[in-house]
Amino acid sequence: GRASAVFEAQDVANIVNAFVSAGRADKALFQELAEVTMLLPPFEFSPQAIANILNAFARAGMLSPALCEFMSLAALALDPQPYTAQHVANIANAFAKADVEDRVLLEYLSATALRLPPHAFSLQAVANILGAFAHFGVKDQPLYNYLSYVIQEDVKPGRAVDSGRSGGAVTAVRAFGTQALANILKAFTRAEAMDAALFRAVSPAILQLPSDTFDAQAVAGMVGACVAYGA
């Protein structure tokens, strides 16, 4: 009661993210903040606060089933309109990291993602969403079909985006990275949601990536997809 009168949802989000970013995830503090979070009324939460809190607790390895259940109820209580692709990605990814399956929440996140325009997604957000659904064995074909289209648009030859650095515009596939593409292919393979058009679009894009951006995990993911597609 007293703590919930002092803290707001965004306060908790800011505190836990600051500690995780500094590499100092204090177990006692996080347990206390989880209790504070679950005392807050659900209407105090924004999609940003929910995504940030879940992401921070998951990164710290301290996301409990009880906190997941509470945050799921808070997320489901919100209108989907304020959600961004990154909110959907962070929430889904946090539940996957904590290995807490919530089919109702996944259905809500899927419906929310399907409302968003293709340009709202980064390849990393797509990778995190698909990775979470594949982790729980959820073969949501409409979601996979839509995100396949988003990816194919992102990796079109010559498409340029602002890298956010002084180098200016770079091709979309270079901007979003090797690991994101590898994780996307791995998710489609794991969920047995094979998509030949996606594989055809991504294959030449992979060849654009600098060789020094590949690690063993990325190579394994891409090779596994090639084997699955019979390439």
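**Figure 1. Helix α8 and its burial in the predicted model.** Ten of the 13 residues of α8 are buried, so this helix is largely enclosed by the rest of the structure. The structure shown is a predicted model. The buried positions of α8 are L123, A125, V126, A127, N128, I129, L130, A132, F133 and A134. The end C-alpha atoms of α8 lie 18 Å apart, which agrees with the 18 Å that its 13 residues should span at 1.5 Å a residue. After α8 comes G137, with a positive phi near 70 degrees.

Figure 2. N128 belongs to helix α8, which covers residues 123-135. Its relative accessibility is 16%, and N128 therefore counts as buried, the cut-off for that class being under 20%. Leaving aside residues up to four places away in sequence, N128 touches A89 and N93.

**Figure 3. Packing of helix α4 on helix α6.** The crossing of α4 with α6 is left-handed. On the α4 side, the contact consists of P47, Q48, I50, A51, L54, N55, A58 and R59. On the α6 side, the partners are H87, N90, I91, A94, F95 and K97. By class, the residues of this contact are eight nonpolar, four polar and two charged. An α-helix has 3.6 residues a turn, so residues three or four places apart point the same way.

**Figure 4. Packing of helix α5 on helix α7.** The axes of α5 (residues 65-76) and α7 (residues 103-115) come within 10 Å, with a crossing angle of roughly 35 degrees. This crossing is left-handed. From α5, the residues S72, A75 and L76 take part in the contact, meeting V104, L105 and Y108 of α7. The contact of α5 with α7 comprises five nonpolar residues and one polar residue, with no charged residues.

**Figure 5. Length and buried positions of helix α9.** Helix α9 runs over residues 141-154 and has 14 residues. From its first C-alpha to its last, α9 reaches 20 Å, close to the 20 Å expected at 1.5 Å a residue. Buried in α9 are L143, Y144, Y146, L147, S148, V150, I151 and D154.

**Figure 6. D11 in helix α2.** D11 lies in helix α2, which covers residues 9-21. With a relative accessibility of 31%, D11 counts as partly exposed, a class that runs between the 20% and 50% cut-offs. D11 and T37 are 26 residues apart in sequence, and their C-alpha atoms are 9.8 Å apart in space.

**Figure 7. The whole chain as context for the close-ups.** The chain contains 13 helices and two strands. Of its 231 residues, 46% are buried. Among contacts between residues at least 6 apart in sequence, 76% join residues at least 24 apart.

How values were computed: Residues numbered from 1 in each chain as written. Predicted model: local features only at pLDDT ≥ 70, side-chain atom pairs only at ≥ 80, totals over all residues. Heavy atoms only, no water. Left-handed = near helix turned anticlockwise from the far one by under 90°. Helix = DSSP H or I, 4+ residues; strand = E, 2+ residues; numbered from the N terminus. Contact = heavy atoms within 4.5 Å. Nonpolar A, V, L, I, M, F, W, Y, C, P; charged D, E, K, R; others polar. Expected span 1.5 Å × (residues − 1). Buried < 20%, exposed > 50% of the residue type's maximum accessible area, 1.4 Å probe, protein only. Axes fitted to C-alpha atoms, helices over the stretch in contact; angles between N-to-C directions.
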